[in-house]
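The following paragraphs walk through a structure one region at a time. Please keep the sequence and the 3D view at hand while reading.

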Amino acid sequence: MEDKLLVYRCKRGSREALTRIYQKYKADLLLLAMALLNDRSAAEDVVHDVFVSFVQGLDAFRLIGSLKGFLLTCVANHARNWNKAERRRARAGNDETGAAQADGPLETIACNEQVGRLSGALAELPFEQREVVMMHLQASMTFTAIAQARAISPNTAKSRYRYGLDKLRSLLNGEATR
Amino acid sequence: MKPADQIRRLIDESQITSGPGADRRILGDALDQLATRRRGEPALWRSIMTNRKTRLAAAAVIVFAALIVFHFIGNPVAPTLTFAQVVEPILKASTAEFDIVIGGDGENKPVVHDLVMGSRIRRTISGMDNVVTIIDLETGRMLVLVQENKEAQYMSLEGLPSMPNYMDHLKNLILTLQNAPDFVIEDLDEREIDGRAVIGFLAKHPRAEVTIWADAETGLPVRIDQSEGQMQTICKNMEFDVPVEEAWFSMEVPEGYTLQEDATLDLEAGTEEAFIEGLRLLAGTFNEGQFPAGVAVEDYLKQAAQVARQIDEMDLSAEEEMAMGQTINAFLLFTRFFRGEGEWTYQGQGVMLGDAETPIFWYRPRDSETYRVIYGDLHVEDVAPEDLPEPLPPRTITEPGAGYQSWSRPEFVGRQENFYTVLPDAQVRVEAHLTLLKGPHDTSLMPIRLPNANAPLESVRLGEPGALAQDLVTLPFHAIGDSTYNVELPLEELLAGRTMVICQWHAPLDAFRFERGKYWVDIEGLIPTISHKVNVGVDPDSGFELTLPVTDGWANPFTSAVAEEPINKLGRCALAIQKRQ
């Protein structure tokens, strides 16, 4: 019930409640963003945009299910958009991202070695597989829920997950044997 | 290890932290965004109560709060009725119908409407017309019916005193108290309530004051005002032996209703721990992190509808709603069935939850030598009586303090005694003696309102209570509207004890309504007052004489009890004059 009360208090303008939500879930959100994007600056940007959007949409927001699951889905959505934009920039030969990384108020996220291993391994997967793997394993979302969130069929979600894991098996085992 | 488990393990072992820079950026921008959102204003009682989405649990909380009132009426210090005409209809009645208002008269107060037959009460509450509660005192159960969505729920009332028949209980109570030596009865003479001439009797007891008003013509009781400890209730619109149908009191769930899981309301559940949890909930969830204005049942009822609406907005499950309702119930029980010694003190209004320095509530548990003091962060300390917190400027004035005190509220408050003198030219000279008790610290302008239109204020004088006329000093004043004036007060004089302000004006006798052979005067304070007295005298050449006993030339047709909170209007009373025979 705590999350429902926090959301309710946020809707009524409580700074304390919003701060509590941020403190409670920021690590999970940053981890997902890092795992999906393998870029600390981009991860911070994504979590930033998720929180600002969350507040902007508070009036119409109704919490169904878990707040953590909702926020993680938002991170996955924003990360996907960031990834698409990144690909467009790469195709156009535009190196804005690198400039942003150099200038940004970013790099203020500290990660341990496991984060590096996780995001490094996931970076070898297509984005669509990455997000299904993380949404299922980190956010504990069912394939049906992932399918609904991604507008794909549950079978497609399962296939992406299976392909992703197959590739991760070789990546992680290979890494382990090195 | 399976790859899924490997990934899960990596996720579990991953540690990612944001530095102050990231926090400032992410949270800071989100907080800025939050600050720019427009927040809705709290709705008024009526608009809230017409919310058709009120859910069962929230409704039950309100009904339960009112149930406490029922219990209060059944308390051994309930009304005593000492004159036969008033007692008789109650003693003979087998059914009754009345309204209960908690916390005194006033607009937007919830009204509990009860229909009583034997051991059962059919209860509705104003603004919640779709919720009916049947209370069975014999079995200690109540059935809550929400007509809108056809939901029903049984609630067991644990700790309810045995009361097989409510009417019999009330009768026994009256008979027992009729000859109680502690009670003193004072006649209040005639006045008008809801357009009805009534006669009042004030019964005083060390622990309670009860005023009973009976119809002046029929002698039937129509209203009982009652204050006990820190709680006030009004029982009014009383009717006895009203026709009823047994089906109205049935404890069977009507056809088509969905029966919810049974609940229990334990009247013994009012522990200090439960009270603290209620404070945490009310402040943290329903009041923007601030403690509420009050913690008594009547204070909660003032905000109950809003709480119900807020609960409704939270999208809680039925179980979560019920848990929240039980927290509030247990919170209310603590002050309602207070088992400490003496009175409790609450001064948490406006204090922020988490403030470890500010005491918000204290009481002395029975048989304890020390007090329990609850602070704003809800920690509790045992404190010796001599170390108790200094009381803040009181928000209610039950015992007028010595002299004049400034306080943080914006209004002036006092006691008022009016002297009406009927003069030969069909004029009435009015002297309002206003003894000031409290006033704002940041202004010396006191706004006053005269009750009579076309009767301009003539003079304002200041002096010590009981001062002779030659010792009074004149105060400047100026009109600020119809019958309203600003009086310039010398604050240093007030603080020195010169607290009586005498305002004088004249009004034609025909400005006082003449009905049923009497002139009637509206009893209104120039400012909010905690007590009011009306004195009437006649000039020998006026052609009028007094109809009540005279002391020092004055008859006294009206004296109010000391109100817990300042009020402006008290109704009206007859001037106690008639044409000389």
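In this predicted model, strands β20 (residues 413-422) and β29 (residues 518-538) of chain B run parallel and are joined by nine bridges. Within the strands, B:Phe419 stands opposite B:Asn535 of β29(B).

Another partner is strand β33 (residues 567-574) of chain B, which pairs with β29(B) in the antiparallel sense over five bridges. The bridge partner of B:Glu524 in this pairing is B:Lys569 of β33(B). Strand β32 (residues 554-559) of chain B also runs antiparallel to β29(B), with three bridges joining the two. In that case B:Val536 has B:Ala555 in β32(B) as its bridge partner.

How much of β29(B) is buried? Of its 21 residues, 15 are buried, so the strand is largely enclosed by the rest of the structure.

Elsewhere in chain B there is an open sheet of three strands, in the order β22-β26-β25, with antiparallel pairing. Its edge strands are β22 (445-449) and β25 (477-481) of chain B, each of which pairs on one side only. From one strand to the next, the twist averages 30°. The pairing of β22(B) with strand β26 (residues 484-488) of chain B is antiparallel and has five bridges. In this pairing, B:Arg449 stands opposite B:Thr484 of β26(B).

A further set of strands in chain B can be followed through two hairpins. Strand β16 (residues 359-364) of chain B runs antiparallel to strand β17 (residues 371-375) of chain B, and four bridges join them. B:Tyr363 has B:Arg372 of β17(B) as its bridge partner. The hairpin of β16(B) and β17(B) has six residues between the strands, and B:Asp367 takes a positive phi near 65° in it.

The strand β17(B) then pairs with strand β18 (residues 380-383) of chain B, in the antiparallel sense and over four bridges. Between β17(B) and β18(B) the hairpin has four residues, and B:Leu378 in the turn has a positive phi of about 70°.

Chain A comes next. Its secondary structure comes to nine helices and one strand. Read from the N terminus, the elements run α-α-α-α-α-β-α-α-α-α. Chain A has 178 residues, of which 42% count as buried. Among its contacts between residues at least 6 apart in sequence, 70% join residues at least 24 apart.

How do two of these helices pack together? Two packed helices are described by the angle between their axes and the distance between the axes. For helix α2 (residues 15-37) and helix α3 (residues 40-56) of chain A, the axes come within 9 Å and cross at roughly 140°. That angle makes α2(A) oblique to α3(A). The crossing in which α2(A) passes α3(A) is right-handed. On the α2(A) side the residues that meet α3(A) include A:Leu18, A:Tyr22, A:Lys26 and A:Leu29. On the α3(A) side they include A:Arg40, A:Val46, A:Val50 and A:Phe51. By class, the residues of this contact divide into 14 nonpolar, no polar and two charged.

The last topic is where the two chains touch. Here 34 residues of chain B are in contact with 45 residues of chain A. On chain B, α1 (3-13), β1 (16-18) and α2 (20-36) each supply at least two residues of the side that touches chain A. Which element gives the most to that side? The answer is α2(B), with 10 residues. By class, this side of chain B has 14 nonpolar, 10 polar and 10 charged residues.

Strand β1 (residues 109-111) of chain A pairs with β1(B) in the antiparallel sense over three bridges. In this pairing, A:Cys111 has B:Ile16 of β1(B) as its bridge partner.

Notes. Residues are numbered from 1 along each chain as its sequence is written. Chains are lettered from A and ligands numbered from 1 in the order in which they are written. This is a predicted model: local features need pLDDT of at least 70, side-chain atom pairs count only at pLDDT 80 or more; totals for chains, interfaces and linings use all residues. Two residues are in contact if their C-beta atoms, placed from the backbone, lie within 7 Å. Ala, Val, Leu, Ile, Met, Phe, Trp, Tyr, Cys and Pro count as nonpolar, Asp, Glu, Lys and Arg as charged, and the others, Gly among them, as polar. Two strands pair if DSSP finds at least two bridges between them. Axes are lines fitted to C-alpha atoms, for helices over the stretch in contact, and angles run from 0 to 180 degrees between N-to-C directions. Angles under 35 degrees count as roughly parallel, over 145 as roughly antiparallel, 65 to 115 as roughly perpendicular and the rest as oblique. A crossing is left-handed if the near helix is turned anticlockwise from the far one by less than a right angle, and right-handed if clockwise. A residue is buried if 20 or more other C-beta atoms lie within 10 Å of its own, exposed if 12 or fewer, and partly exposed in between; C-beta atoms are placed from the backbone.
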